[in-house]
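Work through the exercises below with the sequence and the model open. Each task is followed by a solution in steps.

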Amino acid sequence: MERLLYFLGRTWRQLRSATALNLLSLLTFAISMTILSVYALLFTNLSELTQVWNRRIQIHAYLKDGLKPDDAEAIRHTLLTLPGVREAAYISKDEAIREVRSNLGDSASFLEGIESNPFPASFQVSLEPRYRHPDRIREIVDRIRRMEGIEDVEYGESWVRKFSSILSILRVGGYLLGAALFIAVVFIVSNTIRLSFLSRMDEISVMKLVGATPTFIKIPFYLEGTLLGLVGGLLGLLFAYAFYVATSNRIDVSLFLLLGGETFSFFTPTGLSGILLLSSGLGLLGSALSLARALKY
């Protein structure tokens, strides 16, 4: 315990002796973690939105007019034999027009003058989760289109492909951005620790003369880098939360509520812990790399 307090005391004195340098490093670190956190926030929310949307994907298979009940039942049976199809719910012509009237509300008055029901009977086809991928959905839709008695097939093809493309771009961009920020943060911390180390060469030489081990000398610098990383990560999350508060309401209305009915959410406790662990680890890594160059034990 006494040794731990000693190391913490030395770390604190090191931080105070180069206040301007450490504050500059901390600010740069915090900006980098803010960019990374905001990017991760957008990516995780869009990923969640896509998963919600994928769970709601249904294929609408419209039947040709004049089919007999036995023919519709035969089509339902065939649909259920297709790989990936979990359920095929029959929607009659009467049910279809009732649903349209219900969705239109007061605007459904224009349907009153229609003498015959123009809406076709259909099947709402639900898929197994592992088949909710654009390419696999497309394969199922192509097979349904070739079935006897099917007039047309619809599903949110454009939305599925657009969201998949957006997520792919964000995923690649996240890797590139993460790699760039990783190098930048490690470089910043590494140089900060190195300057801090060089400014204490006299003190370190004395410690070596009285028998201090390399580990004993290095530990305060490891703590300094880790602390810079931890505080930088906290500030980055704080700035990211300010971004979240400033934009969440607008994003809720214009995107998430409109498309998925879900809310734009901040990081979970697990996500927060992961970011703080990452930032602390980057600080520790920067310290280790700096000391490896500065000390040749």
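**Exercise 1. The nonpolar cores**

Which residues of the largest nonpolar core touch the most other members?

Solution. The model is a predicted one. The largest nonpolar core has 24 residues, and those that touch the most other members are Phe29, Leu41, Phe221, Phe266 and Phe267. Next, list the elements that give two or more residues to this core: α2, α6 (157-198), α7 (201-209), α8 (214-259) and α9 (269-294). Of these, α6 gives the most, with six residues.

**Exercise 2. Ser32**

Decide whether Ser32 is buried or exposed, and find its contacts beyond the neighbours within four places in sequence.

Solution. Locate Ser32 in helix α2, which covers residues 19-55. Its relative accessibility is 8%. The cut-off for buried is under 20%, so Ser32 counts as buried. With neighbours within four places in sequence set aside, Ser32 is in contact with Leu181 and Val185.

**Exercise 3. Strand β1 and its partners**

Assign the side chains of β1 to two faces, then identify the strands that pair with β1.

Solution. In a regular strand, side chains alternate between the two faces of the sheet. Now take the partners in turn. Strand β3 (residues 122-127) runs antiparallel to β1 and is joined to it by five bridges; here Tyr62 is opposite Ser122. Strand β4 (residues 150-154) also pairs with β1 in the antiparallel sense, over four bridges, and Glu154 in β4 is the bridge partner of His60.

**Exercise 4. Glu151**

Classify Glu151 by its accessibility and describe its surroundings.

Solution. Glu151 belongs to strand β4. A relative accessible area of 55% is over the 50% cut-off, so Glu151 is exposed. Leaving out neighbours within four places in sequence, Glu151 is in contact with Tyr62, Leu63 and Lys64. For Leu63, 88 residues away along the chain, the C-alpha atom is 5.1 Å from that of Glu151.

**Exercise 5. Helix α4**

Compare the span of α4 with the expected value, and state what follows the helix.

Solution. Helix α4 (residues 93-104) has twelve residues. From first C-alpha to last, α4 reaches 17 Å, close to the expected 16 Å at 1.5 Å a residue. After α4 comes Gly105, with a positive phi near 65°.

Definitions and conventions
Residues numbered from 1 in each chain as written. Predicted model: local features only at pLDDT ≥ 70, side-chain atom pairs only at ≥ 80, totals over all residues. Heavy atoms only, no water. Buried < 20%, exposed > 50% of the residue type's maximum accessible area, 1.4 Å probe, protein only. Pairing = 2+ DSSP bridges. Contact = heavy atoms within 4.5 Å. Expected span 1.5 Å × (residues − 1). Core = buried A, V, L, I, M, F, W, Y, C linked by side-chain atoms within 4.5 Å.
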